[in-house]
Amino acid sequence: MTAIHKMQSYYPNIMMHLPDNMDNITKKVREEIERGWIGPDKSCPYHPCHFTGQDCTFCYCPFYPCMDEDLGTSIRSKRGSDIWDCSYCLFIHRQEVGKYAMSEIKRMGISDPKDPRIRDILTEAKARFHRKGKTIMVLGATSDAGKSIAVAALCRILHRKGYLVAPFKSQNMSLNSKVTRKGFEIAMIQTLQSKAAGLKNPDQYMNPILLKPKGDAVSQVIVKGEPYGDYNVKDYYGKFVPGPGTEIVRGTVGFLKNRYDVVVMEGAGSPAEINIYNRDIANIGAAKIADAPCLLVVNVEWGGAFAYAVGTINLIPEEDRKRIKGIILNNIRGDVSKIAPGAKEVERILGIPVIGLVPHIELELPQEDSEALRDMKSKGSGNMKISVIRLPRISNFTDIDPLYLEDTTVKFITEPEELAGSGAIIIPGTKNTVEDLMWMKEKGLDKAILEQRGRVPILGICGGYQMMGRSLEDPNGIECGRPGTYEGLGLFDNVTRWGEYKKRTVLDEGVLLKTGGPVTGYEIHMGISEIVEKPLFSIERFTGNETEGSVREKEMLFGTYLHGVLEKPSFRRFFLSFVKGGENILSTSEPRDYDDLVEENLEKLASAFEKSMDVGKLMEILGEEQ
């Protein structure tokens with residue numbers, strides 16, 4: 001009996017689950033066995049490809065295909081056969097697992113991964129090191145209580161302690177989304193929290209339900225990263241939540257608990273919305289599914305913090321109230337000690353400890369909600385004046401954030417006359433290109449922008465890029481519900497068409513063609529553009545390099561589908577160099593990568609929370625010994 005046949009005796013269907021490149025995998029594992037245990041491989045250009053501190057001994061798993069549903073799953077290959085997918089499994093990359101597996105392989109004298117004894121090692125390794133992950137949930141007394149940053153802070157604090165941590169938000173309503181490595185769409189804030197957790201690659205299980213408002217109380221529902229359907233409020237809570245929604249949450253949080261030590265969950269809005277309490281899968285409902293203890297975060301700056309805390313908890317039914325194990329009073333300005341007596345009284349009234357008095361922290365981190373722009377007219381006080389069109393349905397507005405690394409003042413524009421004095425114009429992404437183009441025309445902003453053609457650099461991103469074209473063709477009314485052909489700004493000769501209800505979601509990496517500088521970003525869009533302009537970027541694909549974007553350098557016109565395109569300094573500084581005096585201004589400072597700024601601020605956030613919280617009590621609530 002061959003080794004493969006012996007493996008088949010363990011799992012009769014295993015032959016259906018071997019990939020076409022199994023011989024190559026076997027060869028790689030042999031090489032890893034010969035090399036021996038190495039731990040983290042910081043010399044690898046892809047390190048860390050999974051999470052900070054990972055064990056890199058087995059880049060190719062010696063247990064593949066393990067057929068263990070706690071670690072992987074069966075999927076249908078492009079050729080139509082079933083193969084074993086363990087791309088989300090991190091088990092072999094835990095340092096204790098990698099070290100143990102290699103030591104046992106060496107002790108037994110195994111040199112071939114087809115040796116059936118290797119499965120005994122997996123069995124013992126799983127018994128020793130695999131445990132169902134624990135959960136903890138952060139609720140907010142209100143929207144904007146600080147749930148998102150609290151989750152990010154807890155993820156980083158636990159990551160520092162050596163835990164493998166994942167963020168989770170069962171239901172998020174946001175127009176700020178990003179794309180995962182496999183092309184799935186999730187809320188931007190979960191990618192930020194993943195970074196706080198030390199994870200390289202967030203995935204769709206961390207935000208299984210994403211709601212993207214379309215207007216008229218209708219939202220597009222994204223399930224596990226892919227469009228699921230459009231729902232109004234009544235049908236969402238009446239049909240989706242009690243049916244597929246609940247099972248989606250149950251399945252995804254269970255998936256994460258099998259792979260991580262701790263899942264830090266985030267609620268949505270308030271947990272005490274008594275009109276929808278029994279149909280809510282974003283707060284206590286999700287906590288019940290995950291069997292998670294809860295922390296309540298209250299934004300002190302809003303005033304009435306004690307009333308928010310007591311009122312919220314008292315509105316929650318008594319049988320669910322016991323899940324709330326601690327309160328964090330957040331965003332305290334001034335002398336934190338002055339709020340301590342009130343915190344003690346809240347503890348007495350509720351019988352729940354206040355485990356954190358967190359001061360106001362000045363941070364430069366992406367904002368989740370476009371509400372952050374509501375009263376913001378401008379930001380920064382630099383010499384380069386950048387005007388951003390504040391579209392009614394603006395999406396992925398965090399594309400602008402890297403500009404704050406430079407000597408800029410960013411103004412958010414809604415009226416034509418506000419464009420006066422602009423050094424550059426940016427037309428950002430939008431949830432509805434056609435509707436926001438019509439809004440611009442009604443305002444007269446289209447004419448005001450065209451008057452600046454050739455005078456100042458103009459950049460369109462995603463929907464803004466589509467608007468810059470000659471026409472937008474929507475024969476089936478997919479984009480705005482009204483079939484037709486709409487005249488664009490005519491800054492480019494491109495034509496965008498919405499031919500079918502299919503969204504493009506992909507991570508991109510490449511170079512700026514002008515300079516060869518690196519660029520990264522991600523695409524999330526429905527329409528497909530016929531590009532007739534000179535391209536802006538060269539993008540690396542598995543099938544070879546492709547061009548992307550449009551540029552008319554003499555007219556200072558730039559367009560791209562890439563969200564996040566300004567995060568790397570190469571294109572950001574190239575674009576800003578066209579601002580009057582921009583080259584001289586930029587020469588006075590060193591270029592910075594936006595990711596570095598985010599990392600610095602996540603460290604700052606976690607340190608401030610750790611200093612302001614009873615971390616011992618946090619770990620006790622989590623059920624972890626100190």
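This is a predicted model: local features need pLDDT of at least 70, side-chain atom pairs count only at pLDDT 80 or more; totals for chains, interfaces and linings use all residues.
## Domains

The chain is divided into three parts: domain 1 (2-129), domain 2 (134-172 + 188-200 + 236-360 + 603-621) and domain 3 (373-590). Between the centres of domain 2 and domain 3, taken over C-alpha atoms, there are 36 Å.

## Nonpolar cores

In soluble globular proteins, nonpolar side chains tend to be buried together. In this model the largest nonpolar core has 101 residues. The residues with the most contacts inside this core are I209, Y236, F240, V264, M265, I327 and F609. Helix α7 (residues 233-257) gives the largest share of the core, nine residues. Both domain 1 (2-129) and domain 2 (134-172 + 188-200 + 236-360 + 603-621) supply residues, so the core lies between these domains.

Residues up to four places away in sequence are not counted here, and V264 then touches I136, V151, L154, C155, L158, V165, A166, P167 and F168. Another core, of 62 residues, lies apart from the largest one. Its members include I389, A448, L512 and V551.

## Helices α5 and α6

Two packed helices are described by the angle between their axes and the distance between the axes. For helix α5 (residues 147-160) and helix α6 (residues 188-196), the angle is about 25° and the axes are 7 Å apart. Angles under 35 degrees count as roughly parallel, and α5 and α6 are therefore roughly parallel to each other. Their crossing is right-handed.

On the α5 side, the residues that meet α6 are S148, V151, A152, C155, R156 and H159. Their partners in α6 are I189, Q193, K195 and A196. An α-helix has 3.6 residues a turn, so residues three or four places apart point the same way.

Helix α15 (residues 569-576) is mostly covered, with seven of its eight residues buried. The buried residues are S570, F571, R572, R573, F574, F575 and L576.

## The loop between β17 and β18

The loop between β17 (394-395) and β18 (408-413) contains T398. Is T398 buried or exposed? Its relative accessibility is 8%, and because buried means under 20%, T398 counts as buried. With neighbours within four places in sequence left aside, T398 is in contact with N176, M188, P366 and Q367.

N396 lies in the loop between β17 and β18 as well. N396 is not a glycine, yet its phi is positive, about 50°. With 3% relative accessibility, N396 counts as buried.

## Other backbone features

M556 is another residue other than glycine with a positive phi, in this case near 60°. M556 is placed in the loop between β30 (550-552) and β31 (557-560), and at 12% relative accessibility M556 counts as buried.

Where do cis peptide bonds occur? One joins H47 and P48, with omega about -10°. A cis peptide bond also joins Y64 and P65, where omega is about -10°. P48 lies in the loop between α2 (22-35) and β1 (73-76), and P65 lies in the loop between α2 and β1 too.

Technical notes: Residues are numbered from 1 along each chain as its sequence is written. Side-chain values use heavy atoms; hydrogens and water are left out. A nonpolar core is a set of buried Ala, Val, Leu, Ile, Met, Phe, Trp, Tyr and Cys residues joined through side-chain atoms within 4.5 Å. Buried means under 20% relative accessible area, exposed over 50%, partly exposed in between (1.4 Å probe, protein chains only). Helices (H or I, at least four residues) and strands (E, at least two) are DSSP runs, numbered from the N terminus. Domain bounds come from an automatic or database domain assignment. Contact means heavy atoms within 4.5 Å. Axes are lines fitted to C-alpha atoms, for helices over the stretch in contact, and angles run from 0 to 180 degrees between N-to-C directions. Angles under 35 degrees count as roughly parallel, over 145 as roughly antiparallel, 65 to 115 as roughly perpendicular and the rest as oblique. A crossing is left-handed if the near helix is turned anticlockwise from the far one by less than a right angle, and right-handed if clockwise.
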